[in-house]
Each structure stands twice: as structure tokens, then as C-alpha cells.
Amino acid sequence: MILKRAAFLAMLVLGLSSQSREVLAGFRVSAFGYPVVSWLQVSTDPTVGAPRLGWGVGASMEWGLAKWLGVELTGLYAKRVVGGPLNSESEFSYAQVPLQFRVWSNQWLSFALGGYVGFALGGVVNRSGQTSSGLTYSSLGYSRWDWGGVASAGIQYPLIHHWYLFIDSRFMYGMQNIELVPLGTSVSHWLELSVIGGLRLGTF
């Protein structure tokens with residue numbers, strides 16, 4: 001009887017270990033494009049940084065920690081556009097790297113929470129009427145770095161074996177004051193809302 005129980009426990013442990021290795025080896029790879037609404041919230045001047053529509057592209061990799069949990073690393077290139085006085089617009093190009101923990105309530109629905117870091121590329125393009133001009137971040141008194149929190153909710157639909165069509169709504173909240181030399185109590189930080197859509201290859 002003791003030998004039978006020992007054999008049964010050994011088989012159970014080996015089976016669980018095998019399943020754990022399979023789960024941990026699972027991954028999801030996604031590629032996508034998306035519209036993004038960004039606004040630069042300036043505490044001392046609400047006429048600056050009004051929300052405008054921009055766009056972005058990116059790819060992500062999610063590693064399975066369990067059947068219902070994964071850690072997701074994403075690379076994004078985003079065109080953030082904000083409005084200013086007299087119908088002017090300013091365009092900012094950013095590379096962003098969000099890192100999130102994603103919880104799957106079932107095969108189709110997921111929720112994620114984490115943080116991101118971003119770095120501005122090139123200069124700032126300012127448009128007013130039919131004219132446009134290039135500005136540097138230092139001349140505007142802005143830092144190129146940006147970081148903050150990110151939350152998202154997504155849904156995916158199976159197409160063929162391991163392939164999915166997915167949509168993910170995402171909100172980024174910048175926690176860094178991007179002003180290099182804040183004037184008094186002035187605070188400027190980014191807010192961003194996007195709807196990401198694309199294809200996903202997943203094995204768990």
C-alpha cells in the first residue's frame with residue numbers, strides 16, 4: 001500500500017512539473033497599429049496641450065506565468081499630437097516601452113496593469129495654419145524622458161490554430177513633470193488613450 005501511494009505521488013508530481021513547464025513555455029506575440037488621443041496637461045495653462053488624434057505602431061511579447069497570468073513587454077512608436085492657441089498643433093514622436101502583468105479571465109478577455117518608460121525622438125513639429133516649424137525640446141523647456149503607469153483591457157477572437165484577432169484599449173498616465181525647470185507650481189505631464197488592434201500568435 002505504501003509503495004502504491006509513493007508511486008502515485010511521484011506520478012502526480014511529475015505530471016504537475018510537466019504541465020508547469022508547458023505553461024511557462026507558452027507565449028503570445030502581437031503586432032498592431034492604433035489611433036491615439038494624447039494631451040499634455042499643463043497645470044498653469046489649460047489652453048496648451050489640448051487633446052488631438054495621433055497614431056502609433058508596435059509589437060508585444062507575453063510570457064506565460066500560468067494559464068491565467070502573463071508578463072507582457074511592448075515596444076511602441078507613437079505620434080502624440082496636442083493642440084495649442086489659435087488652432088495650432090504640436091507633434092511629438094515617442095518610443096515607448098510598457099511592461100504589464102496581464103490577467104486572463106478566460107480565453108478571450110484580459111486585463112493588464114503596469115508601467116511604461118518613453119523617450120522623445122527628433123524634434124517637435126509645430127503647425128499653425130499652412131505653416132510648420134521644427135522646435136527642439138530644450139527650447140521648449142521639456143525633457144525627452146517620460147514615464148508613468150499604464151492600464152489596459154482587451155479581447156481576442158480566434159481565427160485559425162493559434163492565431164487571433166485582438167483589440168486592446170489602453171490608458172497611459174504620465175507621472176513625470178516634463179518641464180526641465182518648473183515655474184513655481186507648474187506641472188506638465190502626458191495623458192494618452194489608445195485603441196490597439198492587430199494580429200496575435202499565442203500558444204497558451
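**View 1. Two cavities of 30 Å³ or more lie in the structure.** A cavity is, on a 1 Å grid over the protein atoms alone, a set of points where a 1.4 Å probe fits but cannot get out. Grid points are joined across faces, edges and corners, and a volume is the space filled by probe spheres set on the points. This is a predicted model: local features need pLDDT of at least 70, side-chain atom pairs count only at pLDDT 80 or more, and totals for chains, interfaces and linings use all residues. Residues are numbered from 1 along each chain as its sequence is written, and side-chain values use heavy atoms, with hydrogens and water left out.

**View 2. The largest cavity has a volume of about 40 Å³.** Lining residues have an atom within 4 Å of a point. Here they are Ser30, Phe32, Ser60, Glu72, Arg102, Phe166, Asp168, Arg170, Ile196 and Arg200. Strand 1 (27-42), strand 8 (163-174) and strand 9 (188-202) each give two or more residues to this lining. Strands (E, at least two residues) and helices (H or I, at least four) are DSSP runs, numbered from the N terminus. Strand 8 gives the most, with three residues. By class, the lining of the largest cavity has three nonpolar, two polar and five charged residues. Ala, Val, Leu, Ile, Met, Phe, Trp, Tyr, Cys and Pro count as nonpolar, Asp, Glu, Lys and Arg as charged, and the others, Gly among them, as polar.

**View 3. The second largest cavity has a volume of about 30 Å³.** Its lining consists of Arg102, Trp104, Trp108, Ser110, Gly154, Ile155, Gln156, Phe166, Ile167, Asp168 and Arg200. Strand 4 (89-104), strand 7 (145-158) and strand 8 are the elements that give two or more residues. Five nonpolar, three polar and three charged residues make up the lining of the second largest cavity.

**View 4. Thr74 sits in strand 3 (residues 69-83).** Thr74 counts as buried because its relative accessibility is 2%. Buried means under 20% relative accessible area, exposed over 50%, and partly exposed in between (1.4 Å probe, protein chains only). Contact means heavy atoms within 4.5 Å. Leaving aside neighbours within four places in sequence, Thr74 is in contact with Phe32, Ala59, Ser60, Gln96, Val97, Pro98 and Arg170.

**View 5. Strand 4 pairs with strand 3 and with strand 5 (residues 109-128).** Two strands pair if DSSP finds at least two bridges between them. Strands 3 and 4 run antiparallel, joined by 13 bridges. Gly83 stands opposite Glu89 in strand 4. The two strands form a hairpin with five residues between them, and Leu86 in the turn has a positive phi of about 55°. Strands 4 and 5 also run antiparallel, with 15 bridges. Leu99 faces Gly115 of strand 5 as its opposite residue. Four residues link strand 4 to strand 5 in a hairpin.

**View 6. The largest nonpolar core has eleven residues.** A nonpolar core is a set of buried Ala, Val, Leu, Ile, Met, Phe, Trp, Tyr and Cys residues joined through side-chain atoms within 4.5 Å. The members are Leu40, Val42, Val82, Phe92, Tyr94, Ala120, Val124, Tyr137, Tyr142, Ile178 and Trp190. Val42 is in contact with Val48, Glu179, Val187 and Ser188, leaving aside neighbours within four places in sequence. A second, separate core has ten residues, including Tyr34, Leu76, Tyr116 and Met172.

**View 7. Phe119 belongs to strand 5.** With a relative accessible area of 30%, Phe119 is partly exposed. Its contacts, leaving aside neighbours within four places in sequence, are Ser93, Tyr94, Ala95, Arg144 and Trp145. The C-alpha atoms of Phe119 and Tyr77 are 9.9 Å apart, and these residues are 42 residues apart along the chain.

**View 8. Gly148 is found in strand 7.** Gly148 is buried, at 7% relative accessible area. Not counting residues up to four places away in sequence, Gly148 touches Gly115, Tyr116, Tyr173, Gly174 and Met175. Between the C-alpha atoms of Gly148 and Gly114, 34 residues apart along the chain, there are 8.8 Å.

Technical notes. 1 Å grid on protein atoms, 1.4 Å probe; cavity = no way out; pocket = protein on both sides within 12 Å on 5 of 7 lines; lining within 4 Å.
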